[in-house]
Amino acid sequence: MTETQRTETRGTDVDLARAKIKKYLQDLAAALGSLPKEQSNDIVEELRSHIVEKSAANFNVNDDMNGTMTPASVDAVLAGLGAPESLARLYVADDLQIRALKSRSPVLIIRTLFRWASLSFAGFSALVASIIGYSLSLSLIICGLLRPIHPRTAGLFRIPDGANDYSVSLRLGFTGLPPGSHDLLGLWIIPIGVMAGLGLFLLTSLFALWSIRRLRRATPALSRRDEGDAEVSR
Amino acid sequence: MAMAQTLGQAGVGSDSGDKWEVQVRKGSLELAILAVLWPGRLYGLEILRRLADSSALIVPEGTVYPLLNRLKTEGLLTSEWVEADAGHPRKYYKLTSSGRRRAMQMAAFWSAFSANLEGLLAPLMPETKPNAAARTAGRRNADD
């Protein structure tokens, strides 16, 4: 704080400090948007209580507050909490994880992994793997179901790819096949596609839930923070 | 499926790139919070103060509040708002019975684990054993 700031009236300082707190909590509330309203209010109020109490000068844990907050003391406390967006991310990702683990719904699992993907490489890998797993399993199921409707073009085909090369392709039958394609499974695609699809769906869910648990254990409270915060913890 | 497994493992492996000390602190933070709440209810700032005073667990405040929230969602803690003379209400946390059980399990695991590890580490330590014991005792007194 500079000398000019110090000579300003105390009232202005307190107003400025209050404005900083208000701005921080508004940003936090906005970033907590996906949580239920009641829960996000509770979080905001708890942090308001923390900021107000801690930024009061001469803070003593045994006394009630006997100091006044200043813009500088508020800044220091806010810096300790980190940016509102990253703080909110910890809450939201935590919340999603718990709900995903409880519900096992693929939508919630993918949403949870999306959160993780932005926080760590492990989360990103798990997200990519789960998306691949779910889409392959759905494709297998859909392919099996579409076979009776597209009897000639839906199924697992070996398709010529260049002169002596072949590739194996799962076709849903909406487009025609290149000449020389060979149907690998015939009608067996119906039971095999559906069964393998369901199995893969289940395996993907198990893998994703295992990853979420694993990610939680690796980083309690999702403490993957920016470098500045990591310094504080040392 | 094979790809899913490989990717998953690659992802988990990348965690070990983090600083080991930071990982240890993170891993023990949950137990430390449960332990700090063992004697009775406390609000966030008190929890932070006790953690800072009684251990080397100087943790970013931004990680403790979300962790408290999670422990509550998991049913290990309950919370209540209490009006304080200070003019703003405080949110107090308290262990639930399953929180107490969990804290005891974690404490038992921790002490067994660290006892085992200490045996392994003895040859690595420069000081002789009696000295180390005296230092630990001294530290314990200083905490009181």
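In this predicted model, helix α2 (residues 20-36) of chain B packs against helix α5 (residues 97-121) of chain B at an angle of about 125 degrees, and their axes lie 10 Å apart. Axes here are lines fitted to C-alpha atoms, for helices over the stretch in contact, and angles run from 0 to 180 degrees between N-to-C directions. α2(B) and α5(B) are therefore oblique to each other, given that angles under 35 degrees count as roughly parallel, over 145 as roughly antiparallel, 65 to 115 as roughly perpendicular and the rest as oblique. The crossing of α2(B) past α5(B) is left-handed, a term used if the near helix is turned anticlockwise from the far one by less than a right angle, with right-handed used if clockwise.

From α2(B), the contact draws on B:Leu31, B:Leu34 and B:Ala35, and from α5(B) on B:Gly99, B:Arg102, B:Ala103, B:Met106, B:Ala107 and B:Trp110; two residues are in contact if their C-beta atoms, placed from the backbone, lie within 7 Å. Sorted by class, this contact of α2(B) with α5(B) holds seven nonpolar, one polar and one charged residues, where Ala, Val, Leu, Ile, Met, Phe, Trp, Tyr, Cys and Pro count as nonpolar, Asp, Glu, Lys and Arg as charged, and the others, Gly among them, as polar.

The two chains are set out below, with helices (H or I, at least four residues) and strands (E, at least two) taken as DSSP runs, numbered from the N terminus.

A residue is buried if 20 or more other C-beta atoms lie within 10 Å of its own, exposed if 12 or fewer, and partly exposed in between. Among contacts between residues at least 6 apart in sequence, those joining residues at least 24 apart make up 59% in chain A and 47% in chain B.

In chain A, A:Asp15 belongs to helix α2 (residues 10-31), and A:Asp15 counts as exposed because it has 12 C-beta neighbours inside 10 Å. A:Asp15 and A:Met69 are separated by 54 residues in sequence, while their C-alpha atoms are 9.6 Å apart in space.

Residues are numbered from 1 along each chain as its sequence is written, and chains are lettered from A and ligands numbered from 1 in the order in which they are written. For this predicted model, local features need pLDDT of at least 70 and side-chain atom pairs count only at pLDDT 80 or more, whereas totals for chains, interfaces and linings use all residues.
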